Amino acid sequence: MFEIMQDPASNPVSKYKLKMNKDGKDYEEQVDVDTEKETETFHVPKTSPDDEAGDIVYDFKKVITTLFVC
């Protein structure tokens, strides 16, 4: 499922929700698209005791991806 949380015309940061399923359990990821900074950030939730939550940031100008563990 994909859901728009904010009107992109009123703010440079558009927020989206992505529903995902891992091992039969539902999770929700948030994706922020910043048209001014030209970045896309995925907020990935913790899905098991051995995994960590984190943010994945893709920079379209620099063409790099960075992982930040929360």
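**View 1. The β2–β3 hairpin and its turn.** With 2 residues between the strands, the hairpin of β2 and β3 has Asp23 at a positive phi near 55 degrees. This is a predicted model, where local features need pLDDT of at least 70, side-chain atom pairs count only at pLDDT 80 or more, and totals for chains, interfaces and linings use all residues. Numbering starts from 1 along each chain as its sequence is written, and side-chain values use heavy atoms, with hydrogens and water left out. Strands β2 (residues 13-22) and β3 (residues 25-34) run antiparallel over 10 bridges; two strands pair if DSSP finds at least two bridges between them. Look for Tyr16, whose bridge partner in β3 is Val31.

**View 2. The β3–β4 hairpin.** Next along, β3 pairs with strand β4 (residues 39-44), again antiparallel, over 5 bridges. Asp32 has Thr41 as its bridge partner in β4. This hairpin has 4 residues between the strands, and Glu38 takes a positive phi near 60 degrees.

**View 3. Lys15 and Asp32.** These two form a salt bridge, with the closest N and O atoms 3.6 Å apart (a side-chain nitrogen of Lys or Arg within 4 Å of a carboxyl oxygen of Asp or Glu). Lys15 sits in β2 and Asp32 in β3, so the pair ties together parts 17 residues apart in sequence. Asp32 is buried at 12% relative accessible area, while Lys15 is partly exposed at 26% (buried means under 20% relative accessible area, exposed over 50%, partly exposed in between, with a 1.4 Å probe and protein chains only).

**View 4. Glu28 and Lys17.** Here's another salt bridge, again with 3.6 Å between the closest N and O atoms. Glu28 belongs to β3 and Lys17 to β2, 11 residues apart. Both are partly exposed: Glu28 at 37% relative accessibility, Lys17 at 23%.

**View 5. Asp51 and Lys22.** In this salt bridge the closest N and O atoms are 2.8 Å apart.

View 6. The protein has 0 helices and 6 strands (DSSP runs numbered from the N terminus: helices are H or I, at least four residues; strands are E, at least two).
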